[in-house]
Amino acid sequence: MAGTILLSTDSASDLLKGQMEALGIRCIPLTYTVGGETFDGIFSSEDEYTAFYDQIRAGALPTTSLINEMLYREYFSALADEADEIVHLSLSGGLSGSYNNAVEAAEAVMRERPDVHIYVIDSLGATQAQRNTLDEGVKLRDAGLSGKEIADGMRKCVSETQVYIVVDDLFHLKRGGRVSGAAAVIGSALNVKPIVILDDHGRLEVVGKVIGSKKALKYILERMRKNIVEPEAQTVYIAHADCRAYAEELREMITEEFGCPVVVDWIGAVIGSHTGAGTLGLVYRGRERLKKEK
């Protein structure tokens, strides 16, 4: 269909299946495995998120898998039968090899189908940070822009996106090799909350540690004051791993100070498998992509 543009992402963007269908967004699933059974990360209801975190709190240790190049080739080839421009937003290349596989697959499909162009964008993020850029793409698509213009606008959004994460479960950081077993035990006893960013390469970097949840919110809000640009003209996103009350507390603080709309939504199974329950993320657009603080 000449002139058709399709917007695409993977399931790490954490929109419900019905939301993506309503917005006309195609999605390729990342998978997670728990209890010996493998699932895709595209959820259809809020209850599925709650059930997933109930499993984690009960002691389940999910694992995740990337999307290989062959799956991406099949996926892009099917989309190429429907459109001549595809704009695909991937989970951060700093967190997963899926992005590189998407790039390789897109190039292979374009060699076979020179009438089709596929723009693969590294979100340098995940969950609501990825959704932030995806929402920008929807806006640009609906404004009638070309695939290249949409991709350029989404990359600009990525370059301005700030992501702060407050981790509640230190034992999940231990599993990822970011803290030692002793640090996890001592930190949990002292109620230490690591503050993590997604840096300008889409990698996780621990930038601070505070004692207690209240201080963690004050920490990320103070940095938001320094970095945010035109809050009245943007939507702020808060991601939560089944800690909605904590997320709503942050929403109230942001709304009171900045007056901007705030979306509160889930951290899904793909990312939640690594963060554990209780993690909170703050996403907004600022002056430049965050780098590790000295």
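The following questions and answers explain how several terms apply to this predicted model.

Q: What makes Leu 91 a buried residue?
A: The cut-off for buried is a relative accessible area under 20%. Leu 91 has a relative accessibility of 4%, and therefore it counts as buried. Leu 91 is located in the loop between β6 (85–90) and α4.

Q: Which residues are in contact with Leu 91, leaving aside its neighbours within four places in sequence?
A: Contact requires heavy atoms within 4.5 Å. The residues in contact with Leu 91 include Asp 10, Ala 12, Leu 30, Tyr 99, Gln 130 and Ile 271.

Q: Is Leu 124 buried or exposed, and what is its relative accessible area?
A: Buried means under 20% and exposed means over 50%. The relative accessible area of Leu 124 is 14%, so Leu 124 is buried. Leu 124 belongs to the loop between β7 and α5. Its phi is positive, about 50°, although Leu 124 is not a glycine.

Q: Where is Asp 242 found, and what is its phi?
A: Asp 242 lies in the loop between β11 (236–240) and α10 (244–258). Its phi is positive, at about 60°, and Asp 242 is not a glycine.

Q: Why does Ile 197 count as buried?
A: The relative accessibility of Ile 197 is 0%, which is under 20%, so the residue counts as buried. Ile 197 is part of strand β9 (residues 192–198). Between the C-alpha atoms of Ile 197 and Ile 165 there are 6.0 Å in space, and the two are 32 residues apart in sequence.

Q: Why is Gly 278 called buried?
A: Gly 278 has a relative accessible area of 11%, and the limit is under 20%; therefore Gly 278 is buried. The loop between α11 and β13 (280–285) holds Gly 278. Beyond its neighbours within four places in sequence, Gly 278 is in contact with Arg 57, Val 166, Asp 168, Ala 241 and Cys 243.

Q: What makes a set of residues a nonpolar core, and how many residues has the largest nonpolar core?
A: The largest nonpolar core has 39 residues, and Phe 43, Phe 52, Tyr 53, Tyr 72, Phe 76, Ile 118 and Val 120 have the most contacts inside it. Among the elements that give two or more residues to this core are α2 (46–57), α3 (69–80) and β7 (117–122). Another core lies apart from it, with 28 residues, including Ile 228 and Leu 282.

Q: How is the lining of the second largest pocket divided by class?
A: The lining has three nonpolar, three polar and four charged residues. Asp 135, Glu 136, Lys 139 and Arg 285 are among the lining residues, and Asp, Glu, Lys and Arg count as charged. Helix α5 (residues 127–142) gives the most to this lining, with four residues. The space in the second largest pocket is about 210 Å³.

Q: What is the predictor's confidence over residues 178–190?
A: Over residues 178–190, pLDDT stays under 50. For the protein chain, the mean pLDDT is 90, and 90% of the residues reach 70 or more.

Note on methods: Residues numbered from 1 in each chain as written. Predicted model: local features only at pLDDT ≥ 70, side-chain atom pairs only at ≥ 80, totals over all residues. Heavy atoms only, no water. 1 Å grid on protein atoms, 1.4 Å probe; cavity = no way out; pocket = protein on both sides within 12 Å on 5 of 7 lines; lining within 4 Å. Points joined across faces, edges and corners; volume = space filled by probe spheres on them. Core = buried A, V, L, I, M, F, W, Y, C linked by side-chain atoms within 4.5 Å. Buried < 20%, exposed > 50% of the residue type's maximum accessible area, 1.4 Å probe, protein only. pLDDT = per-residue confidence, 0-100.
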